[in-house]
Amino acid sequence: MYGWIWRHLPGNAWVRSVIALLLVLAVVYALFQYVFPWAEPLLPFGDVTVDGASAGGAGAGQ
């Protein structure tokens, strides 16, 4: 897949490198701005099973 993208980018190696870097940055930006905020409510990060309220148990006091 990366070879296909590299072969279809215009220019010499330096221009291709800059374009590839811009493409990577655009994908990261899209992920952080749109995909991750959309998916965050769907993920179970708020369902915590460890609350730290019990004082006993294995490894207590160590």
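These are my notebook entries on a predicted model of one protein chain.

Ground rules. I number residues from 1 along each chain as its sequence is written, and side-chain values use heavy atoms, with hydrogens and water left out. Local features need pLDDT of at least 70 and side-chain atom pairs pLDDT 80 or more, while totals for chains, interfaces and linings use all residues.

Secondary structure. I found two helices and zero strands in the protein chain; helices (H or I, at least four residues) and strands (E, at least two) are DSSP runs numbered from the N terminus.

Annotation. I looked up the unreviewed UniProt entry, which annotates residues 12-36 as "transmembrane region"; such annotations may be inferred rather than shown by experiment. In the model that span is 96% helix and 0% strand, and its end C-alpha atoms lie 34 Å apart.

Surface. The chain has 62 residues, of which 3% are buried (buried is under 20% relative accessible area, exposed over 50%, partly exposed in between; 1.4 Å probe, protein chains only).

Aromatics. I searched the whole structure and got one aromatic pair. Phenylalanine 32 and phenylalanine 36 have ring centres 5.2 Å apart and planes at 90 degrees, so I list the pair as edge-to-face (centres within 6.5 Å; planes under 30 degrees apart are stacked, over 60 edge-to-face, the rest tilted). Both sit in helix α2 (residues 13-39), four residues apart, so about one helical turn separates them. Phenylalanine 32 is exposed at 54% relative accessibility, and phenylalanine 36 is partly exposed at 42%.

Terms used: Rings of Phe, Tyr and Trp (its six-membered ring) pair if their centres lie within 6.5 Å; planes under 30 degrees apart count as stacked, over 60 as edge-to-face and the rest as tilted.
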